[in-house]
Amino acid sequence: MAAEAPEASGVAVETRGLRVWFGANLVLRGINLALKRRQITALIGPSGCGKTTFLRAINRMNELIPEARTAGEVLVEGRNVYAPETDVVELRRRVGMVFQRPNPFPMNVFDNVAYGLRLHRLAASRSELAMRVEHSLRQAALWEEVAGKLGSSALALSGGQQQRLCIARTLAVEPEVILMDEPASALDPISTLRIEELMRGLKETLTIIIVTHNMQQAARISEETGFFLGGELVEFGPSAQLFTNPQDRRTEDYITGRFG
């Protein structure tokens, strides 16, 4: 029987037997996981369990680490990102990433958001460029705060504003998936709330995968959660079930604070 098309299955990202080594160290041990389109999926687990490595495998960011090696398949909308013909620059446009600490470029606010648009030649004119920059800043709930500061250094923004700017920069190139690695861990509670509200709005059109150590955050914002331990996926399912009635004792021990 023919494989179900990704559109019909509702799956945005799927991994099959995903393994990742850093040198001789096997960090991910055969992860099989299907992540649904247009929802927030959270990945939890103690430090060093492999969740960030899993996240970075989706857009091949692990390749920036010396001696990294990957086996298995990662499919984004049905296409294996490790196929020889994959354009990695285009892949990272389709699968954007927001990091733990805000990392705006040392340039003004406008040029930060316009950077990817120029790189990928996604705006045919200066007026279209300006329109798309504004649209992205509005999507990131930042336009009202920076409309009069587009020519000012992005480094002068607050931490929360810088993180939303980085989200706007990612949104500008119209990704299909956004990977978020602890996007609020360096932020104050009010900024964290704004990022969470932003994520809830973005999932209307995007697939979001977030790594977080904050289990309350994972329970609040995600539809499904995966628990990683020792490079393995221990449990995966609806967040409400995983946090209230976990099926694996190790999951229960972790979310109740017995370790980690």
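1. In what sense do strand S1 (residues 11-22) and strand S2 (residues 25-36) pair, and over how many bridges? In this model, which is predicted, S1 and S2 pair in the antiparallel sense, and the pairing runs over nine bridges. Within this pairing, Leu18 stands opposite Ile31 in S2. The two strands form a hairpin that leaves two residues between them, and Gly23, which lies in the turn, has a positive phi of about 65°.

2. Helix H2 (residues 51-58) deserves a separate look. Seven of the eight residues of H2 are buried, so this helix is largely enclosed by the rest of the structure. After H2 comes Arg60, and its phi is positive, near 60°.

3. The structure holds three aromatic pairs, one of which is formed by Phe54 and Phe228. The rings of Phe54 and Phe228 are tilted, with 5.5 Å from centre to centre and 50° between the planes. This pair links distant parts of the chain, since Phe54 belongs to helix H2 whereas Phe228 belongs to strand S9 (residues 224-229), 174 residues apart. Phe54 is buried, and Phe228 is buried as well.

4. Another of the aromatic pairs also involves strand S9, and here Phe227 is the partner of Tyr254. The rings of Phe227 and Tyr254 are stacked, at 5.1 Å centre to centre and with 25° between the planes. Distant parts of the chain are again linked, with Phe227 in strand S9 and Tyr254 in helix H11 (residues 249-255), 27 residues apart. Phe227 and Tyr254 are both buried.

5. How are helix H5 (residues 126-139) and helix H7 (residues 159-172) packed? Two packed helices are described by the angle between their axes and by the distance between those axes. For H5 and H7 the angle is about 130°, and the axes are 8 Å apart, which makes H5 oblique to H7. The crossing of H5 and H7 is right-handed.

Technical notes. Residues numbered from 1 in each chain as written. Predicted model: local features only at pLDDT ≥ 70, side-chain atom pairs only at ≥ 80, totals over all residues. Heavy atoms only, no water. Phe/Tyr/Trp six-rings, centres within 6.5 Å; stacked < 30°, edge-to-face > 60°. Helix = DSSP H or I, 4+ residues; strand = E, 2+ residues; numbered from the N terminus. Buried < 20%, exposed > 50% of the residue type's maximum accessible area, 1.4 Å probe, protein only. Pairing = 2+ DSSP bridges. Axes fitted to C-alpha atoms, helices over the stretch in contact; angles between N-to-C directions. Parallel < 35°, antiparallel > 145°, perpendicular 65-115°, else oblique. Left-handed = near helix turned anticlockwise from the far one by under 90°.
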